[in-house]
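Please have the viewer open as you read.

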Amino acid sequence: MNRPILLNSCARAATSAEARFRINVPIAPSRGTRVVALDAGAERVVRRVAEQPWATARFFVCKSPTLLAQSNGEVADVGLLSTHGFESRLSLELAGADVAMMVASTDDGAYAARAIGDACTLRGTMTAGVVLAGGRDAGETVSALRPHARVLLVTYDEQDVSELLTALRA
Amino acid sequence: MLRRELNELLTQTGPGTPMGELFRQYWIPALLAEELPENDCPPVRVKLLSERLIAFRDSEGRYGLIDEFCAHRGASLWFGRNEEGGLRCSYHGWKYDVTGQCVEVPSEPDNGTFCATVKLTSYPLVKVGDILWAYLGDPAKRPGLPEFEFVHVPSEQTYTSKRWQESNWLQALEGGIDSSHVTWLHSGALKTDPLFKGAKGNQYNIGDLKPFFEVAEADGGLFVGARRNAEDGKYYWRITPWIMPSFTMVPPRGDHPVHGHFWVPIDDENCWVYTFDYHPVRALTPAELQAMKAGFGVHSENIPGTYRPVQNKDNDYLMDREAQKRGEHYSGVRGIAIQDASLQESMGPIVDRTKERLVPADSGIIKARQKLRKAAIALRDEGVTPPGVDPAHHRVRSAAIVLPRAESFLESCGDAVTVIPGTPQTSV
């Protein structure tokens, strides 16, 4: 027999009534997301976003000077300062993370973006970038992030940072 | 992931709902012009945004879109007679013109004034291109007519079809914004579909299965760029415009016609998918037209005399597991349109977005939802006209282009994604 005879074994099962029988279990834990502000303008936004309740997301700004000595001879590490005030390193924070989100409003963080992109490539960590255009020509900022972010959102709306994190269950 | 109340806000389009009011700011496709082919032709039942209406074309060629039900006893005017400048209810002979005004009540005296007090709700219905467009909003805020390029090129350069999709409009639209599924679901079509195959760009698609994405704001909505590696250190970009609320275009391939969609809510669990193909500078060839009518490209083969696809829920979309094994169709379902429809309908009439596990590659969808939500709330709370109402926002194109790596797709493609009449599409 090649024809389904029960509603739940054919495409007609896509009804509101049949939806009652979909397996309903708690959603798996959220992704380990690390959000890094690459410049001063981005830092202001990231600090505001960090005040909201999040599941596992952690929020950082790049310390100055940004780049530490290349710890493994290949990829530069980045000094980070969490929005809670503790110091850390990119190499430490990426352990256990599966998304690194870079937030930029200028191209000041180009080197940090490269270091984050390289480190994520090495670890198989997904990268995303949010460019806060704010009505300005964001071309240089976009160019700085493009090679290092698999997904890049260029926006006039700083709320997009929290929108993305919410959608990702961060 | 969306909270339940936001999912309801975005998916409910009936009268009085925030998203319903948003849709009522725009001209939206109501019928294909072919559905009312001549004066005094049979009327057509139309359900739009959860309102049951009847469309007809009177003896003078005027189009009408009015409440489906007679004001007298509530009988459907679909059974009516379209004659002598109006639609007459078959039950007791009440007659209405294209504005919904009752012009005759046979049981009343010949010179009576009663019928002047009877008027059905009506909406303007206007032919632009191959589509009859309706405006269901406040007459005082009626915008200029649509200026999408596909309805303004000469008729021999454009073709539009439509099909019924058994799902909420939003999950259908999201398929049009989501470029990443093309690499998988539609991979077979790039090699075989007569309206896709042969383009150089297809090689880039097939050769790079992990595209990068860029999402950028546009006056009327968004541009979503998908970039893949090309030769000599360059990127191959495919740029998809979305104009609010529900218009998208697919990036072109070679000299094939350009295509796109309008997703129009019928009610909260069904939508119409209007699908167009056009070429900006040349007539469609007989072979191209034949392919479109046969359901190739992004069109569907419909049951004759209807707009329901031959492949539908009732027959499991004619799933062909052997073709799936051969790699002919990635999902085993034939045709790009029905590949999309089968999966979008399988989600259920209104997908439960509280259970999603979105990933960064879904940023286009995430941003589109945010823009829709903000526009609906700004309209409701402050009366702000949403993006995409201004006809100037309609003058966009999709594009496919190879660019040096350092160049931004939007800065380098300003002309490519803007309608310049008489110029060909930018395509690879």
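Helices (H or I, at least four residues) and strands (E, at least two) are DSSP runs, numbered from the N terminus. This is a predicted model, in which local features need pLDDT of at least 70 and side-chain atom pairs count only at pLDDT 80 or more, while totals for chains, interfaces and linings use all residues. Residues are numbered from 1 along each chain as its sequence is written, chains are lettered from A and ligands numbered from 1 in the order in which they are written, and side-chain values use heavy atoms, with hydrogens and water left out.

**Chain A at a glance**

- Chain A holds 6 helices and 7 strands, and from the N terminus on its elements run α-β-α-β-β-β-α-β-α-β-α-β-α.
- Of its 170 residues, 51% count as buried, where buried means under 20% relative accessible area, exposed means over 50% and partly exposed lies in between (1.4 Å probe, protein chains only).
- In chain A, residues 24 or more positions apart account for 63% of the contacts with a separation of 6 or more; a contact means heavy atoms within 4.5 Å.

**Strand β1 of chain A**

- Strand β1 (residues 33–37) of chain A is largely enclosed by the rest of the structure, because 5 of its 5 residues are buried.
- Both of its faces are covered, with A:Thr33, A:Val35 and A:Ala37 buried on one side and A:Arg34 and A:Val36 buried on the other.
- In a regular strand, side chains alternate between the two faces of the sheet.
- β1(A) runs parallel to strand β5 (residues 99–104) of chain A, joined to it by 5 bridges; two strands pair if DSSP finds at least two bridges between them.
- Within β5(A), A:Met101 is the bridge partner of A:Val35.

- Strand β13 (residues 212–217) of chain B is mostly covered, with 6 of its 6 residues buried.
- B:Phe212, B:Glu214 and B:Ala216 are buried on one side of β13(B), and B:Phe213, B:Val215 and B:Glu217 on the other.
- Strand β7 (residues 151–155) of chain A pairs with β13(B) in the parallel sense over 4 bridges, and there A:Val154 stands opposite B:Ala216.
- β13(B) also pairs with strand β14 (residues 221–229) of chain B, in the antiparallel sense over 6 bridges; the two form a hairpin with 3 residues between them.
- In β14(B), B:Arg227 is the bridge partner of B:Phe212.

**An open sheet in chain B**

- Three antiparallel strands of chain B form an open sheet in the order β1-β11-β10, with β1 (27–32) and β10 (125–128) as the edge strands, each pairing on one side only.
- β1(B) pairs with strand β11 (residues 131–135) over 5 bridges, and B:Trp27 stands opposite B:Tyr135.

- Helix α9 (residues 336–346) of chain B has 9 of its 11 residues buried, so it is largely enclosed by the rest of the structure.
- The cover over its buried residues includes β12 (158–165), α3 (169–177), α4 (182–185) and α5 (187–192) of chain B.
- B:His393 sits in the loop between α10 (363–382) and β19 (399–404) of chain B and counts as buried because its relative accessibility is 18%.
- Leaving aside neighbours within four places in sequence, B:His393 is in contact with B:Asp219, B:Gly220, B:Ile243, B:Pro387 and B:Gly388.

**Surface and charges**

- B:Leu209 lies in the loop between α6 (200–207) and β13 of chain B and is partly exposed, with a relative accessible area of 42%.
- Over all chains there are 39 salt bridges, each a side-chain nitrogen of Lys or Arg within 4 Å of a carboxyl oxygen of Asp or Glu.
- A:Arg12 and B:Asp314 meet in a salt bridge (2.6 Å, N to O), which crosses between chains, from the segment before α1 (16–19) of chain A to the loop between α7 (286–293) and α8 (321–326) of chain B.
- B:Glu288 forms a salt bridge with B:Arg282, the closest N and O atoms being 2.8 Å apart; B:Glu288 is buried at 10% relative accessibility, whereas B:Arg282 is partly exposed at 21%.
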